Amino acid sequence: MELAKFIAALSIALFASFFVVEILSLAYKSPEMSYGSCSSTALCTSLIETQCGKASGGYDSKYYDCQSRVYSSDAYQQCTQDAQKTQDSCQKNLSSQFQNYQVVSFLLYGLTGVLFIIIGFLMLGYRSIGSGLLLGGVFIILCSGYISLFSTLTSASSLFSGLLGGTTGISLQTFQIMRAILYFIVTVLLIVMTYLRLDKPGL
């Protein structure tokens with residue numbers, strides 16, 4: 001009987017934690033870490049096209065001579081410097097967004113974990129259920145940093161997949177919602193069955 005209660009408590013802790021992770025990751029999404037979007041080289045490329053046009057078929061000596069003059073011009077040098085500054089500023093902005101996301105997500109998971117711990121202590125009269133919720137809160141707090149990092153990597157992976165041509169079938173968000181619903185149903189079933197079979201007074 002004690003082993004059954006331990007397994008029930010651990011199962012409740014795991015599935016409740018999974019449910020919370022899915023819900024919070026849906027409610028507070030990670031910023032898209034796409035440093036490629038910060039590239040500003042196209043601005044300077046357009047400067048060459050404006051002054052030299054486009055190369056014709058084969059070796060176009062007139063075009064390449066013009067291109068060489070543009071490369072050595074003050075306007076092009078200034079353009080590359082401005083483009084680099086713009087790119088650096090964009091990358092710093094993305095890094096700042098990621099740092100803010102980590103702080104806020106850590107607080108969200110931490111507060112949710114504390115709430116689970118409090119509820120778990122209040123329900124220790126139902127030993128397996130209370131212990132499961134308490135342990136789930138501990139899991140959420142201990143893993144909060146890794147969870148935020150994983151959410152960011154998942155967001156980046158989703159963006160990379162989209163750049164390669166998109167995904168077929170259901171979207172990542174739809175899949176997350178399906179997982180959240182499944183974890184919620186399993187958690188509720190575990191709590192109900194644990195109460196009826198293990199924690200109900202008189203058993």
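Predicted model: local features only at pLDDT ≥ 70, side-chain atom pairs only at ≥ 80, totals over all residues.
**View 1. Gln 77 in helix H4.** Gln 77 sits in helix H4, which spans residues 74-122. Gln 77 is partly exposed, because its relative accessible area is 37% and that class runs between 20% and 50%. Beyond its neighbours within four places in sequence, Gln 77 is in contact with Tyr 71 and Ser 72. The Gln 77 side chain comes to 2.7 Å from the backbone oxygen of Tyr 71. Cys 44 is 33 residues from Gln 77 in sequence. In space, the C-alpha atoms of Gln 77 and Cys 44 are 9.1 Å apart.

**View 2. Ser 105 in helix H4.** Ser 105 also belongs to helix H4. Its relative accessible area is 1%. Ser 105 therefore counts as buried, the cut-off being under 20%. A polar atom of the Ser 105 side chain lies 3.1 Å from the backbone oxygen of Gln 102.

**View 3. A nonpolar surface patch that includes Leu 196.** The patch covers about 780 Å². Ile 177, Ile 181, Phe 184 and Ile 185 are among its members. Val 188, Leu 189, Val 192, Met 193 and Leu 196 also contribute. Leu 196 is located in helix H7, residues 172-199. Leu 196 has a relative accessibility of 41%, so it counts as partly exposed.

Technical notes
Residues numbered from 1 in each chain as written. Heavy atoms only, no water. Helix = DSSP H or I, 4+ residues; strand = E, 2+ residues; numbered from the N terminus. Buried < 20%, exposed > 50% of the residue type's maximum accessible area, 1.4 Å probe, protein only. Contact = heavy atoms within 4.5 Å. Polar contact = N/O pair within 3.5 Å; in protein donor to acceptor, adjacent residues only side chain to side chain. Patch = residues over 30% accessible without salt bridge, like charges linked within 9 Å, V, L, I, M, F, W, Y side chains within 5 Å. Areas by Shrake-Rupley, 256 points an atom, 1.4 Å probe, with all protein chains shown as cover. Salt bridge = Lys/Arg side-chain N within 4 Å of Asp/Glu carboxyl O.
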